[in-house]
Amino acid sequence: MDSPKDAIASLAPDSLLRALEPAQLEALLDRASPRSLEAGDTIIEQGDEDGDFAVFVLSGGLKVSFVSAGGREIILSYCRPGELVGEIALLDSGPRTATVTAAVTSSVLLLPSRSFLETLMANPDSMVRVMRELAQRVRQQNLVIESDRTFSAGPRLALALVRLIDREEGEGRLLYSPSQSDLGAFAGLSRESVSRLLSEWENRGIVSREGRELRICDGEYLKLMAEFGEEA
């Protein structure tokens with residue numbers, strides 16, 4: 001994406017920004033602040049009290065994670081271009097619940113919460129759409145929690161890999177070249193469990209490795225396992 005204007009046409013399907021009218025969204029993006037990030041740079045820190053902006057990804061990608069009470073890193077998601085992260089702060093400006101870092105070199109926009117709220121207050125229809133989107137996210141989160149409780153290690157790792165497939169690059173490439181530790185933090189598994197499963201899948205031709213890079217050879221198998229579990 002070359003500019004915020006280009007980003008409007010590429011919004012993620014479930015982006016909270018889709019609740020705004022096109023003219024409102026364009027005006028909001030015009031009031032945003034651009035920021036360039038190198039891989040590993042932190043833009044939001046878990047526990048920060050000044051949660052007064054959200055981050056819109058123009059290019060690159062961001063990792064969203066938090067540290068559990070036991071000191072373990074848990075990766076919640078990876079945000080691609082067109083996606084928004086930290087959007088809860090647009091509504092309540094409360095403490096940050098997760099850390100957001102650049103997975104690769106990235107370009108982002110910082111959207112101030114005050115501007116977002118002023119935009120919503122000017123259009124009740126947009127406010128209703130935001131409420132509906134947030135309700136839908138609660139439903140989706142409940143499904144994710146339920147699947148984590150139901151599925152064993154294999155389906156959970158399969159889901160993590162499916163979510164990381166680079167749809168534009170093709171050839172079974174994964175976004176952001178995740179390490180086994182990152183895959184474990186994303187799937188809710190230990191590094192040892194990830195290593196064991198990947199070795200099994202490599203022997204079966206489901207994945208392959210080129211140096212340290214992991215490739216998906218049988219994406220359909222992983223999609224079925226991610227959706228239906230070990231019985232797929």
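Q: Which strand does Thr-101 lie in?
A: Thr-101 is in strand β7, residues 99–102. Keep in mind that this is a predicted model.

Q: Is Thr-101 buried or exposed?
A: Thr-101 is buried, because its relative accessibility is 13% and the cut-off for buried is under 20%.

Q: What is Thr-101 in contact with, neighbours within four places in sequence aside?
A: Thr-101 is in contact with Gly-40, Asp-41 and Thr-42, and also with Gly-61, Leu-62 and Lys-63.

Q: On to the sheet. What is the strand order in the open sheet of four strands?
A: The order is β1-β8-β3-β6, and the pairing is antiparallel.

Q: Which are the edge strands?
A: β1 (33–37) and β6 (84–85) are the edges, each pairing on one side only.

Q: How many bridges are there between β1 and β8?
A: Five bridges join β1 to β8, which spans residues 106–112, and the two strands run in the antiparallel sense. Within that pairing, Leu-37 has Ser-106 in β8 as its bridge partner.

Q: Which helix lies across β3 and β8?
A: Helix α4, residues 113–121, lies across both β3 (53–59) and β8. Its angle to β8 is about 60°.

Q: Which residues of α4 are buried?
A: Ser-113, Ser-115, Phe-116, Thr-119 and Leu-120 are buried in α4. These residues are on the same side of α4, because they cover an arc of only 165° around the axis.

Q: Why would residues three or four places apart point the same way?
A: An α-helix has 3.6 residues a turn, so residues at that spacing point the same way.

Q: And which exposed residues are on the face of α4 turned away from its buried side?
A: That face carries Arg-114 and Met-121, both exposed.

Q: What does Glu-118 form a salt bridge with?
A: Glu-118 forms a salt bridge with Arg-31, and the closest N and O atoms are 3.1 Å apart. The pair links distant parts of the chain: Arg-31 sits in the loop between α2 (22–30) and β1, Glu-118 sits in helix α4, and 87 residues separate them.

Q: What is the relative accessible area of Arg-31, and of Glu-118?
A: Arg-31 has 45% and is partly exposed. Glu-118 is partly exposed too, with 36%.

Q: How many salt bridges does a search of the whole structure find?
A: The search finds 10. One of them joins the side chains of Arg-209 and Glu-202, at 2.9 Å from N to O. Arg-209 is partly exposed at 32% relative accessibility, and Glu-202 is partly exposed at 33%.

Q: Which residues are linked in a network of salt bridges?
A: The network links Arg-173, Glu-210, Glu-213 and Arg-215. Within it, the side chains of Arg-215 and Glu-210 meet in a salt bridge at 3.5 Å, N to O.

Q: Which of that pair is buried, and which is partly exposed?
A: Arg-215 is buried, with a relative accessible area of 11%, whereas Glu-210 is partly exposed at 44%.

Q: Changing topic: how do α6 and α8 cross?
A: The axes of α6 (residues 153–164) and α8 (residues 191–203) come within 11 Å and cross at roughly 80°. That makes α6 roughly perpendicular to α8.

Q: Which residues meet there?
A: From α6 there are Ala-153, Gly-154, Leu-157, Ala-158 and Leu-161. They meet Val-194, Leu-197, Leu-198 and Trp-201 of α8.

Q: Where is Gln-180?
A: Gln-180 is in helix α7, residues 180–187. Gln-180 counts as buried, with 16% relative accessibility.

Q: What does Gln-180 touch, not counting residues up to four places away in sequence?
A: Gln-180 touches Arg-191, Val-194, Ser-195, Leu-198 and Arg-209. Gln-180 and Arg-191 are 11 residues apart in sequence, with their C-alpha atoms 5.9 Å apart.

Q: And Gly-184, buried or exposed?
A: Gly-184, also placed in helix α7, is buried at 1% relative accessibility. Leaving aside neighbours within four places in sequence, Gly-184 is in contact with Arg-72, Leu-189 and Val-194.

Q: What separates the C-alpha atoms of Gly-184 and Arg-156?
A: Those atoms are separated by 9.5 Å, and the two residues are 28 residues apart along the chain.

Key:
Residues are numbered from 1 along each chain as its sequence is written. This is a predicted model: local features need pLDDT of at least 70, side-chain atom pairs count only at pLDDT 80 or more; totals for chains, interfaces and linings use all residues. Side-chain values use heavy atoms; hydrogens and water are left out. Two strands pair if DSSP finds at least two bridges between them. Contact means heavy atoms within 4.5 Å. Axes are lines fitted to C-alpha atoms, for helices over the stretch in contact, and angles run from 0 to 180 degrees between N-to-C directions. A salt bridge is a side-chain nitrogen of Lys or Arg within 4 Å of a carboxyl oxygen of Asp or Glu. Buried means under 20% relative accessible area, exposed over 50%, partly exposed in between (1.4 Å probe, protein chains only). The arc is that of the directions from the helix axis to the C-beta atoms. Angles under 35 degrees count as roughly parallel, over 145 as roughly antiparallel, 65 to 115 as roughly perpendicular and the rest as oblique.
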